[in-house]
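Please look at the structure first and then read on.

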Amino acid sequence: MAKTSRKHPATLTIDTLWQLARLGAPSLSPDGAQAVASVTTHDMAENKARSQLWLLSTLGGQPRALTQCGEKDGQPRFSPDGQWIGFVAQREQQGQKDATPQFYVIPPDGGEARRVGEVATGIEAFRWFPDGQRIAFISWVWPELKGTKAQTKAFKAFKERKESGYVTSEMAYRFWDHHLPQGRVPHLHVMDIASGKVSDLFEGSAYELSRFEPDASTFDIAPDGRHIVFAFDPGQPKSIDARNALVELDLRKSKFRECVRDAGWDCSAPRYSPDGQRIAFRASHQGLKHTMPCQLAVLDRRSAAWQVVSAEWDHEVHAPLQWTPDGQAVLFTAEQKGRCHLWRFDLADRQAEVVVAGGTVSAFDQAAGTLVSLCDTAEHPARLHAHRPGKADRRIESFNDAQLAPLDLGRTEEVWFTGALGEPVQMWLHYPPDFDPKKKHPVLHTIHGGPHTGPGDGWHYRWCWKLFAAQGHVVVNVNYHGSSGFGHAFLDSITQRWGELELQDVEAATDWLLKKPWVDKKRLFASGGSYGGYMVAWMNGHVAPGRYAAYVCHAGCYDWTAMFADDAFSWHAKELGAWYWEDPAKVASQSPHAFAGAFATPTLVIHGALDYRVPDQQGLAYYNTLKQRGVDARLLWFPDENHWVLKPRNSRLWYEEFFAWLQRHDPAQRADKPGRKARGHNAKRGS
């Protein structure tokens, strides 16, 4: 009898990762029967991304592509009457190419999208008025100018200027990867859908929205359409760590009223109740401490009194907020022990309950008794589900099923161990597809950034744990002290002593792993990005050489004095305990560069020139120091990437260099016979 060959499942590759569709936040039709979402796909050959709008049935119908012509169609929202889907795009129509993002509408039953009006300074985000006849939107304008004609003329002159210099007297002038528009501030505007006519609601006033990526959660429109509430920084100069007030604008009288202002509190994400009598918002007691969480607060518009209602619930409330239709509760997402759930917070008894359990719930919407959620887990990228009371949850798309079906992604396990201060610490293990507990396996720490984040049961495209595991490593994520989702005390425990407790946790995790018979103690690696990059640089100066075979430092903080060039410098003294000119010794005691004399472990250093949160001189200084000390080091520097690596080809190079570095310093790989092809190089071209 002839032998039959057994076909082994495929493993995840870089190219397969980039073939997956990435889903955006959903918007429900008023009757809850349909959802619309932006779906982004990438072309590795063209090195480009394309985003289309898809219409999805919550009742079981097949998804349908709604837009075809645009390349970056995003932020779709159904109008209140369901007649239109509005979205923001930058496309060409009737021979005219948009110089900036514009507002478009398209009927949900199909047809051509139509540009509404023309805003020279572009549209950042929008909300529909309840009557569906207008939108409120954000645009960056010159505050001293009046009228759309003056703004259009100024924008044209600015675009045609020959000078390239950026001139400012502002304290905040760049954010993450872009400079704030020179001389402009974000104002709220109103656009009439029928005529396209635009008016600036803040014109002639000192009001503006946050200068740091203002979105649709920074303002809301009252159910009667007569008032708008927004978050406003009353301080000068404008700063990234501002304490915002809430201001309400009476549209009929053109009068502003500060409805919530307390010097100790930062207020954000306001949302009117269904009857318009209350406003829910996030409130953080920054006057008490800069690490205080955003809690749920409610303002009574009639009495002008407000109170924090979730003070006894030790979780941070995420934006956006949504009221339930009866006005008795507020929906939002919040982290809890390595997962992010969708919660319902009942105002009467001040109790929170999970509505949709993560994984990681990243977006949601509700209408007419239907709820849709966007959720990913460690096992799959984001998926959309419809939820109805008394009925089973319904998956409403299958964009990535064909690509994922033949893959063996390995399993993920959540474990706990005793870390710093004798407290329990969470760790996630992602096992390789062919994991055999009777064999020895290499281990790779992927140390998260923040530090105040808490990854776990989620899918990550830039640091894809399943892709790392597909190279044969057991991949480790430690939610060290300082991580979010474990209560405020745990998060705040590392303040002004960075590196101390986090390192104890990572090393305790390594000790836990070394007791497992399947760990190869000679094949331990550690990597991290941003604060995780800080951690591996810190480890290089504090962990005995030889414990880890190699490090990978992506966008890592290296020298806290030189880090004052970043966009968040106003936070430094709060986190480190002093300004560098006041107590240089205290700052240096938390800075990896001060321990350069102990550096000995080979390190791959990665950085992007457009990174303003951790300027690229941090990575270059670290790399130069390693080379000068004779430590084996390699540099991957991107002139066109920011804190992240977002272009498909650059991401592939990032993964290739990452895998090759681990292979180069893997004793098992070095012991291979000449000519053997390394596993990671097989993976790099999608084989």
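Arg395 has a relative accessibility of 26% and counts as partly exposed; buried means under 20% relative accessible area, exposed over 50%, and partly exposed in between, with a 1.4 Å probe and protein chains only. The side chain of Arg395 meets that of Asp401 in a salt bridge, with 2.8 Å from N to O. A salt bridge here is a side-chain nitrogen of Lys or Arg within 4 Å of a carboxyl oxygen of Asp or Glu. Asp401, at 29% relative accessibility, is partly exposed.

The model is predicted: local features need pLDDT of at least 70, and side-chain atom pairs count only at pLDDT 80 or more, while totals for chains, interfaces and linings use all residues. Residues are numbered from 1 along each chain as its sequence is written, and side-chain values use heavy atoms, with hydrogens and water left out.

**Salt bridges**

Side chains of opposite charge can pair when their charged atoms come close. The structure holds 33 salt bridges.

| Glu248 | Arg301 | 3.0 Å |

What does the salt bridge between Glu248 and Arg301 tie together? Glu248 lies in strand E20 (residues 245-250), and Arg301 is in the loop between strand E24 (295-300) and E25, so the pair ties together parts that are 53 residues apart in sequence. Helices (H or I, at least four residues) and strands (E, at least two) are DSSP runs, numbered from the N terminus. Glu248 is buried at a relative accessible area of 4%, whereas Arg301 is partly exposed at 22%.

Glu379 is partly exposed at 35% relative accessibility, but Lys466 is buried at 2%.

Salt bridges that share partners also join Arg127, Asp220 and Arg271 into one network.

**A sheet of four strands**

An open sheet has four strands in the order E22-E23-E24-E25, with antiparallel pairing. Two strands pair if DSSP finds at least two bridges between them. Strand E22 (266-272) and strand E25 (306-308) are the edge strands, and each pairs on one side only. From one strand to the next the twist averages 25°; axes are lines fitted to C-alpha atoms, for helices over the stretch in contact, and angles run from 0 to 180 degrees between N-to-C directions. E22 and strand E23 (residues 278-284) run antiparallel and are joined by five bridges. Ser268 stands opposite Arg282 in E23.

How many bridges join strand E3 to strand E4? Between E3 (residues 34-43) and E4 (residues 48-57), which run antiparallel, there are 10 bridges. Thr40 has Ser51 in E4 as its bridge partner. The hairpin of E3 and E4 has four residues between the strands, and Asn47 takes a positive phi near 60°.

E4 also pairs with strand E5 (residues 64-65), in the antiparallel sense and over two bridges. The bridge partner of Trp54 in E5 is Ala65. In the hairpin of E4 and E5, six residues lie between the strands, and Gly60 in the turn has a positive phi of about 120°.
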